[in-house]
There are 2 protein chains.
Amino acid sequence: MHDDRKRSGFKTRTRVDDARERLLDAAAPHERTERVGLTRADGRTLAERVTAPNPVPGYDRAAMDGWAVRAADTFGASGRSPTVLRMAGAAGDDAPVGPSDAVRVHTGSALPEGADAVVMIEQTERVGDEIEVFDAVSEGENVGDAGEDVEADQLLFEPGHTLRPSDLGLLKSVGLDRVRAFEPPTVGVLPTGEELVQSDPGPGEVIETNGLTVSTLASRWGGAPTYRDVVTDDFDALRAAIQRDLTKDVIVTTGGSSVGERDLLPEVIDELGEVLVHGVALKPGHPVALGVVEETPVVSLPGYPVACIVNAVQFLRPLVKHVGGMACPPFPTTEARLARKISSEPGTRTFARVELDEENGEQVAVPTRTSGSGILSSVALADGWVVVPDSQEGLPEGQRVAVEHWEWSA
Amino acid sequence: MHDDRKRSGFKTRTRVDDARERLLDAAAPHERTERVGLTRADGRTLAERVTAPNPVPGYDRAAMDGWAVRAADTFGASGRSPTVLRMAGAAGDDAPVGPSDAVRVHTGSALPEGADAVVMIEQTERVGDEIEVFDAVSEGENVGDAGEDVEADQLLFEPGHTLRPSDLGLLKSVGLDRVRAFEPPTVGVLPTGEELVQSDPGPGEVIETNGLTVSTLASRWGGAPTYRDVVTDDFDALRAAIQRDLTKDVIVTTGGSSVGERDLLPEVIDELGEVLVHGVALKPGHPVALGVVEETPVVSLPGYPVACIVNAVQFLRPLVKHVGGMACPPFPTTEARLARKISSEPGTRTFARVELDEENGEQVAVPTRTSGSGILSSVALADGWVVVPDSQEGLPEGQRVAVEHWEWSA
């Protein structure tokens, strides 16, 4: 098949934001949920609204080491004229604090019944069974109220919130031990290309790397990838591979997404379903195809490693997040001064790999020399990339830029 | 035991940086390594210097779809006066390209022997067994050289590099399928406190949360935590719990780290080994103890949840990274304008929890109303914190600040 379109390349290239919107519009969140214990819930996304079943703390408690008292008993106490109270039973023995009683409490102890304040240990002196109090306390002084941290029925988290370590502590503190979370969206990862082998390449053969990188990224982004064997550039083989993974929430392929003779993925998607976008105005990596087959979104990434990664970040990440009910936060960035100009065409979003350097205490972003889409080392050995917006034609030397760390980890 | 020191609180508070340095100086990297397959190596830290055993690509290859030729044969070719070449065997059949031969190649195909350039398909027309060439190519044109991406023996990564998805692709591309990584450092996590229960608290009881939060953080930071049962405030029980975990690379306890009657951890560490630091000039959370027992570093975190987290980030994270041979990168930050002033004492490093808001397209950091160290919700529901340096006394309203996202995830 050698039609005009294939000879002349892409007629139109869809803008990145439009392409992403079309893809997400065609993909529904899977909405499957499961109960997850808190010890395994870090990074998981809530499928429920969580309110606190119990207040924290669950009772009034001493906020200081000292003596639980009735505040009224201490009125007028001073260093010159201490008030003398009677040492009564220890906290926890359930004896209420009566008039002129003082009960020893530790920070965090439940305030004994009858008491309404705590005198700090530093403000007292014990003499036999008597406690001299050198300063007055007012009602509630040095007492933490029940519900001071979290009130009963307080809203803690909305659905879609991705849990962090401190969230798990908070959830446990209100008496929960598990939460309802969205299942990680399943992702079928299909590397394609007749030249690809898993190891020991002969002449004309290349080691498969895109599938490994994309699977690892999908997993970082909260997906559950299945890294499939290489599929050769054969229409029937590709069709069968996609059909096998229609049970997945997302299918992603690498290679064969352009308009060459052996770029069969767009045709396969077109036969089985619908191609939503073919060719996007971004660089490196415009030959991406986005489609949907029997309600399963398919992202067909180009085979050049850098192009593959750029498109995975632009389309696969928001798709996995969307299907899994997760938010898609911006990446962390470092502000830096551009050491050399970056060229780009207006209308095309350009991802320029940079290394970060420090010069006189200032961060400097140095664009990597290789700008090709095939040079994996240029992205793996870089510190991040600078995004040149569609609306701009390049960025001048000296420009303040935000270097995006799309692979940051804790 | 009620000595003067306990009555009067901490006599001195060590500066954060000094405290951290003393801790790391006393802790040696464990240096245990293991071989890890690339599919499981994301986030792992290299224990070896990695050089490329093979170049990438492994052979000269076509950079375009077209015809592999001897460049000299095309000299003088033009649209008006095409050069005519003879269609020869397909790429891969090992027939060398002779004078006036043209062999069909695809992007990425090995360049057949004898050829030294590729004519783009768009610049040719096939007429029967003949290929008309409309433009001359020079030697090497449209050819990707062997080693263009990575040269054989090129240095890829130094020991201590933490692997990211694109790194895994690069390592695979040079023919590696596993790497030598440091084992995750083992961390014994011991929550302490006689008031703590795992669920269903009665009067005076509190649900254990610090151990869960700290275990989850240790795991995020590359450690392998063991979340132990609650240990009560008893000298012998605490001593036995620490002795049991001396086989770990790091021990971390929560609670009982201050100078009260029931704060036994510093004494236990002192009896078994050495207390390096007790009391640090940070807020919230000065009552932290750092020590070492039989070469195992021990971080004794305060029991107030926020104080516990702040100290875990300041001391446990760098310790886990150091012991595990990992770098300890700064957290991602968001630049924002401070909506209200933050108060702090000079000489004390202060961690002020903030929520981020957008106002007229500008990020605004709003300090949370609750500043106490016991209010877990104030950290779990915040977006990050602003660090007021030891050298400053508060930060004024309107100040530009960097909000630290100490729980950011991909």
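This is a predicted model: local features need pLDDT of at least 70, side-chain atom pairs count only at pLDDT 80 or more; totals for chains, interfaces and linings use all residues.
The centres of domain 1 of chain A and domain 4 of chain A, taken over C-alpha atoms, are separated by 26 Å.

These two domains belong to a division of chain A into domain 1 (4-31 + 184-323), domain 2 (33-54 + 152-182), domain 3 (61-144) and domain 4 (333-404).

Helix 7 of chain A also takes part in a helix pair with helix 2 (residues 16-25) of chain A, the two axes coming within 10 Å and crossing at roughly 35°. The crossing in which helix 2 of chain A passes helix 7 of chain A is right-handed. From helix 2 of chain A, the contact is made by A:Val16, A:Arg20, A:Leu23 and A:Leu24, while helix 7 of chain A brings A:Gln314, A:Phe315, A:Pro318, A:Leu319 and A:His322. Six nonpolar, two polar and one charged residues make up this contact of helix 2 of chain A with helix 7 of chain A.

Between the chains, the contact takes 63 residues from chain B and 63 residues from chain A. The side of chain B that touches chain A receives at least two residues from each of helix 3 (165-173), strand 15 (206-207), helix 4 (210-220), helix 7 (305-323) and helix 8 (376-380) of chain B; the largest share, eight residues, is supplied by helix 3 of chain B. In terms of class, the residues on this side of chain B divide into 25 nonpolar, 24 polar and 14 charged. Because 100% of the interface residues of chain B are also interface residues in chain A, the copies meet through the same surface.

As for the arrangement of the two copies, chain B can be laid on chain A with an RMSD of 0.1 Å by a turn of 180° and a shift of 0.1 Å along the axis, which is the relation of a two-fold axis. Of the residues of chain B, B:Pro332 comes closest to this rotation axis, with its C-alpha at 2.7 Å.

Methods:
Residues are numbered from 1 along each chain as its sequence is written. Chains are lettered from A and ligands numbered from 1 in the order in which they are written. Copies are superposed by least squares on the C-alpha atoms of residues with pLDDT of at least 70 in both. Two residues are in contact if their C-beta atoms, placed from the backbone, lie within 7 Å. Domain bounds come from an automatic or database domain assignment. Helices (H or I, at least four residues) and strands (E, at least two) are DSSP runs, numbered from the N terminus. Ala, Val, Leu, Ile, Met, Phe, Trp, Tyr, Cys and Pro count as nonpolar, Asp, Glu, Lys and Arg as charged, and the others, Gly among them, as polar. Axes are lines fitted to C-alpha atoms, for helices over the stretch in contact, and angles run from 0 to 180 degrees between N-to-C directions. A crossing is left-handed if the near helix is turned anticlockwise from the far one by less than a right angle, and right-handed if clockwise.
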